Amino acid sequence: MAVITEETRFNADVLEAPIIGVAAQIGRHDSGMHKHNKHQLLFASSGCMSINLNGLWCVLPPSRAAWIPAGTIHCAVMRNVVSYRSLYFDAQVSQHLPKEIKIIAVNGLLRELIERMAYWEWEMPEKDQRAIFSLFCQEFGSAQEEHFALKLPSDRRLKIWLEDVMAGRDLPEPLVEMAKGIGASAKTISRIFTRETGMPYQSWRQQWRLQASIERLSEGESVSEVASALKFSSDSAFISFFRKMTGNTPGRYLKEPTE
């Protein structure tokens, strides 16, 4: 069995097959923080997932996938319907796969390999998996790595503010307004973000807006809707921001990579 539903009880760690593939159509969902004893590749063939990886936040549109090493505490959140694909690899087959978190671009061939592996039977003999797995490793190894994961601050003074921002109940405001809402000085907030995220608050805020825009665009919102929701002054201002951050327009970024 490879296709599961939200009601299916599933634990990849208790299954003995060296490679486990899962395919599911999932609506609004929060997996909660958890970890696996196996390495995991997480991908959405349609829709968009938001994931927290050991305090790193990133979004996965259909053109991107996340590699989650065994033991990594993580959480996957779906705000709308997502065609969810997950591959699990045990130590027997993962010697040459990464030991660190990676976000990668998914081209057409890698996408088809993920689909094939997500749907194959868990009881498939290992010898029948080898050719596809070998090609998967080759494509995975040459995939372009993305660097848009955002480190989340952990200071207790930011806890409620961060929960509201990550849940979509609020937007990260410019530094002075944000500091007033928290009841701390702008200088204090700046020090917290530099110490805990490695970047000034304004840079963090811009990176958050980029991630949020990718998530919204992947869920079918128009450029105008995203620009308005994230409080850009105009559509053109949002497109200019997006191009500066990614090197592409929103439409080109979300297209399937060709290499």
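User: Which residues have the most contacts inside the largest nonpolar core?
Analyst: In this predicted model, the largest nonpolar core has 30 residues. The elements that give two or more residues to this core include strand E5 (56-60), helix H3 (159-166) and helix H6 (201-218). The residues with the most contacts inside the core are Trp161, Phe193, Trp204, Trp208 and Phe238.

User: Which element gives the largest share of this core?
Analyst: Helices H4 (175-182), H5 (186-197), H7 (223-229) and H8 (235-246) are among the elements that give two or more residues. The largest share is seven residues, and these come from H6.

User: How many residues are in the other core, the one with Trp67?
Analyst: This core lies apart from the largest one. Its members include Trp67, Val106, Phe133 and Ala143. The number of residues in it is 23.

User: Is H4 roughly parallel or roughly perpendicular to H5?
Analyst: The axes of H4 and H5 come within 9 Å and cross at roughly 100 degrees. Angles of 65 to 115 degrees count as roughly perpendicular. Therefore H4 is, relative to H5, roughly perpendicular.

User: How many nonpolar residues are in the contact of H4 with H5?
Analyst: From H4, the residues in the contact are Leu175, Met178, Ala179 and Ile182, and they meet Ala186, Ile189, Ser190 and Phe193 in H5. By class, one residue is polar and no residue is charged. The number of nonpolar residues is seven.

User: Is Ser94 buried or exposed?
Analyst: Ser94 sits in the loop between strand E8 (82-89) and strand E9 (102-105). Leaving out residues up to four places away in sequence, Ser94 touches His39, Phe89 and Lys99. Buried means under 20% relative accessible area. Ser94 has a relative accessible area of 2%, so it is buried.

User: Which residues are linked with Asp155 and Arg157 in a network of salt bridges?
Analyst: The side chains of Arg157 and Asp155 meet in a salt bridge at 2.9 Å, N to O. Arg157 is partly exposed, with a relative accessible area of 42%, whereas Asp155 is buried, with 11%. The network that links Asp155 and Arg157 also holds Arg195 and Glu196.

User: Where do Glu163 and Lys159 lie?
Analyst: Their side chains meet in a salt bridge at 2.7 Å, N to O. Glu163 and Lys159 are four residues apart, about one turn of the helix, and both lie in helix H3.

Note on methods. Residues are numbered from 1 along each chain as its sequence is written. This is a predicted model: local features need pLDDT of at least 70, side-chain atom pairs count only at pLDDT 80 or more; totals for chains, interfaces and linings use all residues. Side-chain values use heavy atoms; hydrogens and water are left out. A nonpolar core is a set of buried Ala, Val, Leu, Ile, Met, Phe, Trp, Tyr and Cys residues joined through side-chain atoms within 4.5 Å. Buried means under 20% relative accessible area, exposed over 50%, partly exposed in between (1.4 Å probe, protein chains only). Contact means heavy atoms within 4.5 Å. Axes are lines fitted to C-alpha atoms, for helices over the stretch in contact, and angles run from 0 to 180 degrees between N-to-C directions. Angles under 35 degrees count as roughly parallel, over 145 as roughly antiparallel, 65 to 115 as roughly perpendicular and the rest as oblique. Ala, Val, Leu, Ile, Met, Phe, Trp, Tyr, Cys and Pro count as nonpolar, Asp, Glu, Lys and Arg as charged, and the others, Gly among them, as polar. A salt bridge is a side-chain nitrogen of Lys or Arg within 4 Å of a carboxyl oxygen of Asp or Glu.
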